[in-house]
Amino acid sequence: MKERLEKHYTGAKIEVYDLTGTQDHYEVFVESDVFAGMTRIQQHQHVMACFGPELKTGEVHALSIKTKIK
């Protein structure tokens, strides 16, 4: 998860937490200048797009997202 976010958000502050130890419930924090001009919903959608296939298949069951503009 963290590696994929680092590829999408170069130079961003990224934190990833496995909430249950089962690798399907995560909380992510991304602080990036990419989010400048985006609403909070757009920021979260941007992060969710990184994991579209995993969210569709259920490989990632829950994804809590926190974003911040750098």
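The model is predicted, so local features need pLDDT of at least 70 and side-chain atom pairs count only at pLDDT 80 or more, while totals for chains, interfaces and linings use all residues. Residues are numbered from 1 along each chain as its sequence is written, and side-chain values use heavy atoms, with hydrogens and water left out.

**Aromatic pair**

- The structure holds one aromatic pair, where rings of Phe, Tyr and Trp (its six-membered ring) pair if their centres lie within 6.5 Å.
- The ring centres of Y9 and F35 are 5.4 Å apart and the planes stand at 45 degrees, so the pair is tilted; planes under 30 degrees apart count as stacked, over 60 as edge-to-face and the rest as tilted.
- Y9 lies in the loop between α1 (2-8) and β1 (13-18), and F35 in the loop between β2 (25-32) and α2 (40-49), 26 residues apart. Helices (H or I, at least four residues) and strands (E, at least two) are DSSP runs, numbered from the N terminus.
- Y9 and F35 are both buried, meaning under 20% relative accessible area, whereas exposed means over 50% and partly exposed lies in between (1.4 Å probe, protein chains only).

**Nonpolar core**

- A nonpolar core is a set of buried Ala, Val, Leu, Ile, Met, Phe, Trp, Tyr and Cys residues joined through side-chain atoms within 4.5 Å.
- The largest such core has 14 residues, of which L5, Y9, I14, V28, V30, V47 and L63 touch the most other members.
- Two or more residues of this core come from each of β2 and β3 (62-69), and β2 gives the largest share, three residues.

**Salt bridges**

- There are three salt bridges, each a side-chain nitrogen of Lys or Arg within 4 Å of a carboxyl oxygen of Asp or Glu.
- E54 and R4 form one of them, with the closest N and O atoms 2.7 Å apart. E54 lies in helix α3 (residues 52-57) and R4 in helix α1, so the pair ties together parts that are 50 residues apart in sequence.
- E54 is buried at 13% relative accessibility, whereas R4 is partly exposed at 31%.
- K66 and E27 form another, at 3.8 Å between the closest N and O atoms; K66 is in strand β3 and E27 in strand β2, 39 residues apart.
- E15 and K13 also meet in a salt bridge (3.6 Å, N to O).

**Loop residues**

- G37, in the loop between β2 and α2, is exposed with a relative accessible area of 79%.
- D33 is found in the loop between β2 and α2 and is exposed, at 51%.
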